[in-house]
Amino acid sequence: KNATAEGVMNYSGVGEIFSGTSGSRTGLVYSISEHPLRGWTVHQGIYPANSGRLVIVDETQKIPAHDIETMGKAMDEGWLQIARVRSQGYESQTRAIFLANPKGGKTVGDSSHGAHAIATVFSPLIMRRMDIAVIVPAGEASDLAKYNIPAADPGECRVTGQVLRDLIFWAWNLREEDIEFSDATTTAILDAATRIGQKYGAADIIPLCNPGDIRLKIARIAAAHAVRCVSCGQNGIANPDDLAFARVVVLPAHVAWAAAFLDRVYGSDAFGLDRVSASMEEGRRAATGTTE
């Protein structure tokens, strides 16, 4: 997981890595210090300092959950407001990737369902704000021989580091009105949100698919996929003569891809969020004496 995230960062040249083993909330989000002449001063951490870029937080399990919660409002609104002995605000439209192992020296396999491993690291407040969570159990990375093989010749590289970097900065410079959701796309988002919310949403201790806001996550993931596909112009087909690429067109096909991706991740044997959700829903029915 570390090599993959760092590889994307290094290839694009966008972002920084923050280590939970040697850092804390003060380095990640903000700190406050007192100077004998200037008084109290707020210092922004690496997360707001990389607005419009990427921050990879490695060994996240080493950072107390309540410290990570200080990022919650900024993850929602793209603005970090500090109201302590000194008030200060910072733009924080930062893409964060959290890399972690279960706490207490345990592995994903020690939980009855892999989804429970996430709850050992993050509070529901932060899980609800995550667009995507992925679990990799040891069994899926147990072929050690794959770590020591010669790199394959990739051939002609169509997506160079510069192309990827340009794509990232183009995405970050798009305004809300530059992203087009047709009525058909909106209907597809709402239909997918209803299905995914019913399948995974009862797992309120692991609120990755909360029925109240899963439509927003699906919309964001679909829009990101549309950006990755450079879906512009009429019906998402870019006109080579139009070099402005002023609008991104999110199609129902992008929504279908986003929903299928969430299903593939959360419904996998390793993750088992659907089984956690079904178990909690069954427990609630038993407690209230209701049936389907």
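# Reading contacts, helices and salt bridges

Q: In the protein chain, what share of the contacts with a separation of 6 or more joins residues 24 or more positions apart?
A: Contacts can be sorted by how far apart the partners sit in sequence. In this predicted model, residues 24 or more positions apart account for 70% of the protein chain's contacts with a separation of 6 or more.

Q: How many helices and strands does the protein chain have?
A: The protein chain has twelve helices and nine strands.

Q: How much of the protein chain is buried, and how much accessible surface does it have?
A: A residue counts as buried when its relative accessible area is under 20%. Buried residues are 38% of the 292 in the protein chain. The accessible surface comes to about 16500 Å², and carbon and sulfur atoms hold 53% of that surface.

Q: Which residues of α11 are buried, and what covers them?
A: The buried residues of α11 are H254, V255, A258, A259, F261, L262, D263, V265 and Y266. Their cover includes the helices α9 (183-200), α10 (214-228) and α12 (273-288), along with strand β9 (248-250).

Q: How many salt bridges does the structure hold, and why can such pairs form?
A: Side chains of opposite charge can pair when their charged atoms come close. This structure holds 13 salt bridges. One of them joins the side chains of R128 and D213, at 2.8 Å from N to O. R128 is in the loop between α7 and α8 and D213 in the loop between α9 and α10, so this pair ties together parts that are 85 residues apart in sequence.

Q: Where do R220 and D131 lie, and what do their side chains form?
A: The side chains of R220 and D131 form a salt bridge, at 2.9 Å from N to O. R220 belongs to helix α10 and D131 to the loop between α7 and α8, so the pair ties together parts 89 residues apart in sequence. R220 is partly exposed, at 42%, while D131 is buried, at 17%.

Q: Where do R285 and E281 lie?
A: Both lie in helix α12, four residues apart, which is about one turn of the helix. R285 and E281 form a salt bridge in which the closest N and O atoms are 3.6 Å apart. Salt bridges also link into a network, made up of D204, E281, R284 and R285.

Q: Which residues form a nonpolar patch on the surface?
A: I132, V134 and V136 form a nonpolar patch there, with about 260 Å² of accessible area together. V134 sits in the loop between α7 (124-127) and α8 (161-173). V134 counts as exposed because its relative accessibility is 54%.

Terms used:
Residues numbered from 1 in each chain as written. Predicted model: local features only at pLDDT ≥ 70, side-chain atom pairs only at ≥ 80, totals over all residues. Heavy atoms only, no water. Patch = residues over 30% accessible without salt bridge, like charges linked within 9 Å, V, L, I, M, F, W, Y side chains within 5 Å. Areas by Shrake-Rupley, 256 points an atom, 1.4 Å probe, with all protein chains shown as cover. Salt bridge = Lys/Arg side-chain N within 4 Å of Asp/Glu carboxyl O. Helix = DSSP H or I, 4+ residues; strand = E, 2+ residues; numbered from the N terminus. Buried < 20%, exposed > 50% of the residue type's maximum accessible area, 1.4 Å probe, protein only. Contact = heavy atoms within 4.5 Å.
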